Amino acid sequence: MKLVFSIVHHDDAQTVTQTLTKSGFTSTRLSTSGGFLMARNITLMIGVDEGKVQTVIDIIRDCCHSRKELISPSEDVNYGYYPTMPVEVVVGGATIFVIDVERFEHV
């Protein structure tokens with residue numbers, strides 16, 4: 001048994017969860033934020049048999065897309081960085097962690 005943690009852009013979350021459900025996978029969805037822009041993300045936790053991990057990763061990869069956004073000089077990015085001109089940044093995509101599960105119980 002494996003636990004897949006996937007951090008996805010908020011805009012991609014519904015597509016990912018719907019596609020996972022249609023493919024027979026269940027997930028727990030947590031609202032999170034982080035990264036350079038402190039953007040809203042969704043962290044998904046998906047428990048799967050080891051042989052289905054790649055299928056889950058492929059679904060996430062197909063549903064999550066990078067996109068470019070402009071941040072304006074008036075936006076606070078919380079790291080003491082205040083650009084004087086709009087800056088183009090890449091957001092989205094997914095970050096995936098696969099963790100071994102030593103024990104699983106449903107009570």
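Author: Happy to! A salt bridge here is a side-chain nitrogen of Lys or Arg within 4 Å of a carboxyl oxygen of Asp or Glu. Please keep in mind that this is a predicted model, where local features need pLDDT of at least 70, side-chain atom pairs count only at pLDDT 80 or more, and totals for chains, interfaces and linings use all residues. Residues are numbered from 1 along each chain as its sequence is written, and side-chain values use heavy atoms, with hydrogens and water left out.

Reader: What makes Arg-61 and Asp-58 a salt bridge?

Author: Their closest N and O atoms are 3.5 Å apart. The cut-off is 4 Å, so the pair qualifies. Both residues sit in helix α2 (residues 53–63), 3 residues apart, about one turn of the helix. Helices (H or I, at least four residues) and strands (E, at least two) are DSSP runs, numbered from the N terminus.

Reader: Why is Arg-61 called exposed?

Author: Exposed means over 50% relative accessible area, buried under 20%, and partly exposed in between (1.4 Å probe, protein chains only). Arg-61 has 54%, so it counts as exposed.

Reader: How many salt bridges does a search of the whole structure find?

Author: The search finds 3. One of them joins Lys-2 and Asp-100, with the closest N and O atoms 2.1 Å apart. This pair links distant parts of the chain, 98 residues apart: Lys-2 belongs to strand β1 (residues 2–9) and Asp-100 to strand β6 (residues 94–100).

Reader: How do you know that the buried residues of α2 are on the same side?

Author: The buried residues in α2 are Val-53, Val-56, Ile-57, Ile-59, Ile-60 and Cys-63. They cover an arc of only 160 degrees around the axis, so they lie on the same side of α2; the arc is that of the directions from the helix axis to the C-beta atoms. The face turned away from that buried side carries the exposed residues Arg-61 and Asp-62.
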